[in-house]
Structures are given as C-alpha cells and as structure tokens.
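Here's a walk through the packing and the side-chain pairs of one model. Have a look at the structure first, then read on.

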Amino acid sequence: QLQLVESGGGLVQPGGSLSLSCAASGRPFNDYLIGWFRQRPGKEREGVSCISTSGGITNYGDSVKGRFTILRDNLKNTVYLQMNNLQPEDTAVYYCAAATWDYYCSVGISSQDYDYWGQGTQVTVSS
C-alpha cells in the first residue's frame with residue numbers, strides 16, 4: 001500500500017508563496033504518477049497539477065498555469081508544488097494522489113484516475 005503525506009500548508013498573504021510537499025512510502029515511488037488536487041469551500045475537488053513517473057510530463061489546471069510549478073525528486077520519494085502569487089481563491093485543502101499510468105497526466109488531471117490519496121493540507125490566502 002502506498003502512503004502519501006502532504007505538508008507545507010499554512011496562512012499566507014495575497015501575492016505570497018508556499019511550497020507543498022508530498023512524501024510517499026510503502027511502495028516504489030517512481031512507479032507512480034503524482035497529482036495535486038484541491039477542494040475549495042463549497043466546491044468540488046479540482047485537479048491542480050500532475051507529474052509523470054520520470055518527471056518528463058507535467059500538466060496544470062488553467063487557474064494555476066504560470067503561478068504553480070510541480071517537481072519530483074525520486075531519490076527523496078517526494079513531489080513538490082511551488083505556489084507563487086497566491087490569491088484568496090487559492091484557499092483550499094490541497095491533496096496529493098498517486099496513479100499508475102503516465103498517460104493520465106498527459107491528457108488531464110482527473111481525480112477518478114488516482115488510486116491513493118493523502119489526508120490533505122490546508123492553504124489559506126488572506127490578508
């Protein structure tokens with residue numbers, strides 16, 4: 001069983017930055033595509049970004065393109081989400097998730113494609 005643990009959330013002012021981490025254990029990390037999702041208050045869960053097993057494929061949701069960057073370090077079993085120029089509408093619980101087929105990331109970021117989920121970390125953007 002693959003376990004995922006998110007960290008790095010917190011409170012930040014508009015225009016600020018945060019870096020989230022997703023640490024994996026329990027199975028070979030580089031067998032899995034990793035995605036980031038978020039759930040804003042009163043909204044459905046949405047795909048934020050994803051990265052393929054080797055890091056060669058990345059994808060971003062339209063609302064975060066140009067502001068967020070996803071990276072992975074397979075030696076540290078960790079995926080990072082660097083979030084810049086955060087805005088109040090980025091306030092959400094952020095989840096990382098794992099899937100087994102890189103193709104999913106090349107065509108979109110859909111929660112139904114992912115098998116393993118972390119517990120989430122809260123990001124609040126407010127002045």
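## Rings, cores and charges

Phe-37 and Tyr-114 are both buried, where buried means under 20% relative accessible area, exposed over 50% and partly exposed in between (1.4 Å probe, protein chains only). Before going further: this is a predicted model, so local features need pLDDT of at least 70 and side-chain atom pairs count only at pLDDT 80 or more, while totals for chains, interfaces and linings use all residues. Residues are numbered from 1 along each chain as its sequence is written, and side-chain values use heavy atoms, with hydrogens and water left out.

### Aromatic pairs

Searching the whole structure turns up seven aromatic pairs. Rings of Phe, Tyr and Trp (its six-membered ring) pair if their centres lie within 6.5 Å; planes under 30 degrees apart are stacked, over 60 edge-to-face, and the rest tilted. One of the pairs is Tyr-32 with Tyr-116, edge-to-face at 5.8 Å centre to centre and 85° between the planes. That pair links distant parts of the chain, with Tyr-32 in the loop between β3 and β4 and Tyr-116 in strand β10, 84 residues apart. Strands here (E, at least two residues) and helices (H or I, at least four) are DSSP runs, numbered from the N terminus. Both Tyr-32 and Tyr-116 are buried.

Back to Phe-37 and Tyr-114: their ring centres sit 5.0 Å apart with the planes at 80°, so this pair is edge-to-face. Phe-37 belongs to strand β4 and Tyr-114 to the loop between α1 and β10, so the pair ties together parts 77 residues apart in sequence. Ring pairs also join Phe-37, Tyr-95, Tyr-114 and Trp-117 into a cluster.

Leu-81 is part of strand β8 (residues 78-83) and is buried, with a relative accessible area of 0%. What does Leu-81 touch, not counting residues up to four places away in sequence? With contact meaning heavy atoms within 4.5 Å, the list is Leu-18, Ser-19, Leu-20, Trp-36, Val-48, Ser-49, Phe-68, Thr-69, Ile-70 and Tyr-94.

A nonpolar core is a set of buried Ala, Val, Leu, Ile, Met, Phe, Trp, Tyr and Cys residues joined through side-chain atoms within 4.5 Å. The largest one has 28 residues, and Ile-34, Trp-36, Leu-81, Met-83 and Tyr-94 touch the most other members. At least two residues of this core come from each of β3 (18-25), β4 (33-39), β5 (46-51), β7 (68-73), β8, β9 (92-99) and β11 (121-125). Another core, of eight residues, lies apart from it and includes Leu-33, Phe-37, Ala-97 and Cys-105.

### Salt bridges

There are five salt bridges in the structure, each a side-chain nitrogen of Lys or Arg within 4 Å of a carboxyl oxygen of Asp or Glu. Three of them, among the five, are tabulated here.

| Pair | N to O distance |
|---|---|
| Arg-38 and Asp-90 | 2.9 Å |
| Asp-62 and Lys-65 | 3.2 Å |
| Arg-67 and Asp-90 | 2.7 Å |

Asp-90 lies in the loop between β8 and β9 and Arg-67 in the loop between β6 (58-60) and β7, so their pair ties together parts 23 residues apart in sequence. Asp-90 is buried at 0% relative accessible area, and Arg-67 is buried at 15%. Salt bridges that share partners join Arg-38, Arg-40, Glu-46, Arg-67 and Asp-90 into one network. Away from those five names, Asp-62 is exposed at 67% relative accessible area, while Lys-65 counts as partly exposed at 49%.

### Around α1

Val-107 is in helix α1 and is exposed, with 52% relative accessible area. Together with Trp-101 and Tyr-103, Val-107 forms a nonpolar surface patch of about 340 Å² accessible area. Such patches take residues with over 30% relative accessible area and no salt bridge, joining like charges within 9 Å and nonpolar side chains (Val, Leu, Ile, Met, Phe, Trp, Tyr) within 5 Å; areas come from the Shrake-Rupley method with a 1.4 Å probe, and for residues only the protein chains shown count as cover.

Is Gly-108 buried or exposed? Gly-108, in the loop between α1 (103-107) and β10 (116-117), counts as buried at 19% relative accessibility. Leaving out residues up to four places away in sequence, Gly-108 touches Cys-50 and Asn-59.
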